[in-house]
Amino acid sequence: MESSFQMSQRNLKIKIVAADSLFKRDVFRMPDPFVVITVNGEQTHTTAAAKRTLNPFWNESFYLTVNDSSVLTLQVFDQRKWKKDRNQGFLGVVNLPITQVFPNLTNGGEELLALELKKSNSNEPISGKISFTLDLSGTTITDVASQMQQLQLGRVPKPTDPPEETVGSSSQARILSSVEDSFGPLPAGWERRVDDMGRTYYIDHNTRTTTWHRPRTATSSEQQETVNREREQLNSRTLPERPTSTESLPNNTANLGPLPAGWEQRYTPEGRAYFVDHTTRTTTWLDPRRLQPAVSTTAINPGQASSQLALAQQQSAATLGPLPSGWEMRVTNTGRIYFVDHNAKITTWDDPRLPSAVDQNVPQYKRDFRRKLVYFRSQPAMRPAPGQVHVVVRRDHIFEDSFSEIMRYPAAELKKRIMIKFQGEEGLDYGGLSREFFFLISHEMFNPFYGLFEYSAHDNYTLQINPHSAINPEHLTYFKFIGRMVGLAIFHQRFLDAFFVTAFYKLMLKKKISIKDMESVDADLFRSLNWTLENSIEGVLDLTFTVDDEHFGKHLEIELKEGGKDIPVTDENKAEYVQLVIEWRIAKRVEEQMTAFADGFYEFVPRELINVFDERELELLIGGISEIDIEDWKKHTDYRGYKEDDPIIQAFWENVKGWDSEKKSRLLQFVTGTSRIPVNGFKDLQGSDGPRRFTIEKTGDTKALPKSHTCFNRLDLPPYEKMDVMIAKLTLAIEETMGFTQE
């Protein structure tokens, strides 16, 4: 027996690689996981603790002595809790009899295992897997440290910086790039990556999908068919435009000069002029040119102020009648009229007499993308300059050539008509070549392959800035170039085949970021912050005004405000803490990139003009409005609580079918977060956790508006009894709300 035991003893090398999707016991704090390795309760070894993560990476090796009866045990603990009490912090265990793996190990080489973590004696919930390798021969698998660190950082390898894989013998090993593997080169547009469990997967940047299976080499006709579908989809996009009624009406105020920035003159059906202030989203009968000096930042003396106030009081009283009781009209030292409510002791820019009782047909400010677009494109700053500018590019080097061409011209030159020429191709640009140019360059600029942008947490076809784009030392120059290209597309009325997270459009408009915007950026953090706001954290969470970040493998503690590490988060100040976390996560980390982008963008589109639009409308302005196939939409819709033949569902689709393209796109934006339709239709719609069909759920109060859950592509539609009420509330939700009916 003794000799038999000695014969079965082996020296075993184990490498603890990583764990994935560990259970999060604390609502907000991430665990500090580490692994304890034992054989039959002896030969104890431990890894270092990974800091604040549910997907830890260790890549540490240990040597053990095992025999046929040995049981290898791997236990995962949270070091933060384990230090306080050895009975706490348990995150899962794996018990592996060596006899189960000996047959594979004795054949030589290394065995990679990824096993589910199990519960111990307690009933605490456990989740996730642990990945490790076993080796009897002393050889090791390829070190995946750099790849997994890149994945945890959200870094996308550039073509010159791929995840490493080797082929051949150890003496003649060759490192493979990310566009090939041991079987040879991948098809065009495909990339090989390794996940945090060491598994290889493939990304198709052509269709923005992922798969575990190695792609077969597509024929040139299949690749061309995919590109043609995308090109056809982009070319079919439009924007709603119509002649404005002001063209046929006389302008009796031409001698007053142009309206202030953000203002537009319109007319009622009766022909009466009124004015729209897109900045404050209000309307007024009063011509702002009569109430304010042309340069509102210039101070006026008391005599001028008194004269201007008297004129404004006289004109407004004649038009609107006297102010309500307790109200007073005043003027600032720059000549701007404002109102004082002595009853409530408040001041406001808005005239309390508007909307006016004098005329019940006064148009109210509302979201009107069509009219905004006409106003936007009619402004002098958006008119092309006379002349032409010639841009020559090669199709197979369009990113490099476009960068060189666009960055060498001053903005004034590029405001002329752009004439595109593809090198080696004959043809004159009457619009088709420039559309082709913007289609091709948008596929290159925003390709995550280059590390400047990355896919959102919501899906794999909306984009956000990669906070680690600094891996490319010239990244800010590229962001300015991209800003120029987006501005040029808007200026020359071309569309880009690119869609971004809502927060990106808000940053372009300099709008305040809200917690809702976090959902598409970091879904887990969004849920944690929501929980923090909705529950008491006293004695539950031990937080300070700091956040943790990793920068190329280096752990950093960032103060959200001065002295933040010494300021505890309480129920009283948690709202401020949450807002600071959101601003840091979404805006501060990409502040340099966004500034460079804005520098290029505002060369062609003035800031005061683009602010006429909101973030949803800006998406439509950049990407256009697609023609939506309602039958395909219906075919790939799921129902919860409803049936397809229910009257409310029938009425829903019947009304949506009759809507114009803009309104259909707004519904799609409201429910999914973007107006983009996957190339292969609604069957490829994505959610935050993979493929998610469009879903209509029966839930909610019939007095409330419908709600949406963009992470799950779900519309919560209350069971309204009257169909006209349902349509009215749905229309109000998708056109007038800005997030409070979304979750």
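## Confidence

pLDDT is the predictor's confidence in each residue, from 0 to 100. Helices (H or I, at least four residues) and strands (E, at least two) are DSSP runs, numbered from the N terminus. The chain average is 77, and 76% of the residues score at least 70.

Residues 138–174 stay under 50, with 90 contacts (heavy atoms within 4.5 Å) beyond four places in sequence. Residues 292–296 are also below 50. Where pLDDT is low, the predicted coordinates should not be read in detail.

## Conventions

Residues are numbered from 1 along each chain as its sequence is written, and side-chain values use heavy atoms, without hydrogens or water. Local features need pLDDT of at least 70, side-chain atom pairs count only at pLDDT 80 or more, and totals for chains, interfaces and linings use all residues.

## Helix α16

Buried residues (under 20% relative accessible area, 1.4 Å probe, protein chains only) of α16 include M594, F597 and F601. The buried residues of this helix pack against β25 (463–465), α12 (475–491), α13 (502–508) and α17 (607–610).

## Nonpolar cores

A nonpolar core is a set of buried Ala, Val, Leu, Ile, Met, Phe, Trp, Tyr and Cys residues joined through side-chain atoms within 4.5 Å. The largest has 89 residues; F446, F453 and I610 touch the most other members. Helix α12 gives the largest share, nine residues. Beyond four places in sequence, F446 contacts residues including F453, I482 and F500.

A separate core has 33 residues, among them L72 and I130.

How values were computed:
Buried means under 20% relative accessible area, exposed over 50%, partly exposed in between (1.4 Å probe, protein chains only).
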